[in-house]
Amino acid sequence: PDEENLVIAMAGTHQLWSLDLAEGKLSVIAGTGVESISDGMEKDTALAQPSGLSSLLGSLYFVDAESSSLRFFFESYVKTLVGTGLFDFGFKDGERKKAQLQHPLGIYADVTGVFIADTFNHSIRRYEPSKQMLETVMGDGKPGEGAEKGPEDAKNVRLYEPSGITKLDENIFVVADTNNHRLVLWNRGTGKAERMKIDGEKLPQTVSDATAMKTGSDVAAQKRLSVKLPNTIPMEAAKVNRTNPEIKIVLPERYKLNAEAPSFFRLFEGAPPKEVIKQEWTREDLEKGLKLKTTDLKADTKYTFQGTVYYCLDTKNALCEIASVSFPISVEPSGSETLDVTFPGHAGAAK
């Protein structure tokens with residue numbers, strides 16, 4: 001809310017905490033720790049999995065996911081704006097005491113209203129404090145997609161469990177459309193919405209893996225890692241001296257592959273933007289072993305190895321990591337027979 005303090009939504013303990021940035025001290029500013037919905041002064045109030053926070057003009061708006069509510073914190077007092085009970089939920093616009101949300105996770109407040117990622121209603125809602133009214137600005141309460149090929153009327157675009165929303169400039173908002181694995185741009189001025197395109201992509205994300213394996217450069221280029229993650233491991237160009245080198249994925253000691261996450265690796269043949277996918281290893285392939293066998297590499301051809309792996313400490317409730325690699329491979333007499341791609345146990349460079 002200001003330069004001195006950082007407010008934290010402690011969903012698991014049903015509280016709001018504050019970190020004093022100068023002194024490095026944490027304190028509880030709202031919530032008894034009991035999961036419920038009740039208004040009142042500071043620690044006497046009850047919250048239910050607070051998940052999204054947004055400050056505005058000295059006030060703090062937040063959404064409680066489990067009570068499907070929009071709440072307001074000002075001068076040590078918590079007030080519920082939308083929401084009636086711990087497990088009361090629905091999809092209803094109108095006056096705040098009758099309006100309903102369902103498990104909202106994201107929020108952004110500005111002088112024009114409070115915008116809510118109403119996650120389980122698959123929609124974006126807007127609360128107007130001056131009128132105390134809630135309205136739907138995107139989605140119709142049902143999961144879906146749309147706006148893949150260009151701008152459409154936002155009210156006709158369906159989302160699938162959106163979890164975050166923020167503002168990019170005066171009229172442009174960006175929505176994290178979680179289960180559609182995409183970002184959606186909403187232009188409040190024109191009332192249009194469209195999928196945000198990532199630099200380098202050429203075809204919509206809905207193209208299937210099977211199609212990508214059969215078609216040529218356009219789909220292959222779309223599937224490149226066009227956005228580098230913060231934890232992309234720096235790898236220099238690799239040289240191999242044989243046409244079927246083995247690429248060994250090396251995880252840190254006591255780590256294992258996350259069996260539920262979509263780890264993958266791909267070997268591209270040719271130079272961008274006309275490369276094609278030569279080989280691909282899915283999570284299911286990686287579960288069988290982390291020694292990847294390549295075939296039929298040519299000495300006069302460019303190759304690129306890319307992928308992302310999710311891996312966790314081999315203990316209960318363990319910390320998990322995500323890291324990506326991208327580096328060129330060439331076949332040369334001075335190269336090695338195998339390649340080791342080593343992932344760190346924490347954010348950092350590979351060995």
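Are Phe173 and Trp186 buried or exposed? Select both: Phe173 is buried, and Trp186 is buried too. Buried means under 20% relative accessible area, exposed over 50%, and partly exposed in between (1.4 Å probe, protein chains only).

Before moving on, note the ground rules. This is a predicted model, in which local features need pLDDT of at least 70 and side-chain atom pairs count only at pLDDT 80 or more, while totals for chains, interfaces and linings use all residues. Residues are numbered from 1 along each chain as its sequence is written, and side-chain values use heavy atoms, with hydrogens and water left out.

**Stop 1: the rings around Trp186**

Rings of Phe, Tyr and Trp (its six-membered ring) pair if their centres lie within 6.5 Å; planes under 30 degrees apart count as stacked, over 60 as edge-to-face and the rest as tilted. Phe115 sits in strand E11 and Trp186 in strand E17 (residues 182–187), 71 residues apart. Strands (E, at least two residues) are DSSP runs, numbered from the N terminus.

Now bring Phe173 back. Its ring centre is 5.2 Å from that of Trp186 and the planes are at 35 degrees, so this pair is tilted. Phe173 lies in strand E16 (residues 172–177) and Trp186 in E17, so the pair ties together parts that are 13 residues apart in sequence. The structure holds 12 aromatic pairs. For a cluster, select Tyr255, Phe265, Trp281, Phe305, Tyr311, Phe327 and Phe343.

**Stop 2**

Select residues 106–110, strand E10; 4 of its 5 residues are buried. Two strands pair if DSSP finds at least two bridges between them. E10 and E11 make a hairpin, with 2 residues between them. Pick Ala109 and look across: its bridge partner in E11 is Val114.

**Stop 3: a three-strand sheet**

Go to the open sheet of 3 strands, ordered E1-E2-E3 with antiparallel pairing. E1 (5–10) and E3 (25–30) are the edges; each has a single partner strand, so one side of each is left without a neighbour in the sheet. Strand E2 (residues 15–20) pairs with E3 over 5 bridges. Trp17 has Val28 as its bridge partner in E3.

**Stop 4: salt bridges**

The count comes to 18 salt bridges, each a side-chain nitrogen of Lys or Arg within 4 Å of a carboxyl oxygen of Asp or Glu.

Select Arg266 and Glu280, which meet at 2.6 Å, N to O. Arg266 is in strand E22 (residues 264–269) and Glu280 in strand E23 (residues 276–281), so the pair ties together parts 14 residues apart in sequence. Arg266 counts as buried at 9% relative accessibility, and Glu280 as buried at 18%.

Next, select Asp314 and Lys256, a salt bridge at 3.4 Å, N to O. Asp314 is in the loop between strand E25 (303–313) and E26, and Lys256 is in strand E21 (residues 255–257), 58 residues apart. Asp314 is partly exposed at 49%; Lys256 is partly exposed at 41%.

**Stop 5: the disulfide**

End at Cys312 and Cys320, joined by a disulfide with S to S 2.0 Å. A disulfide is a pair of cysteine sulfur atoms within 2.5 Å, and the whole structure has 1. The link is right-handed, with 100 degrees about the S-S bond. Cys312 is buried at 8% relative accessibility, whereas Cys320 is partly exposed at 38%.
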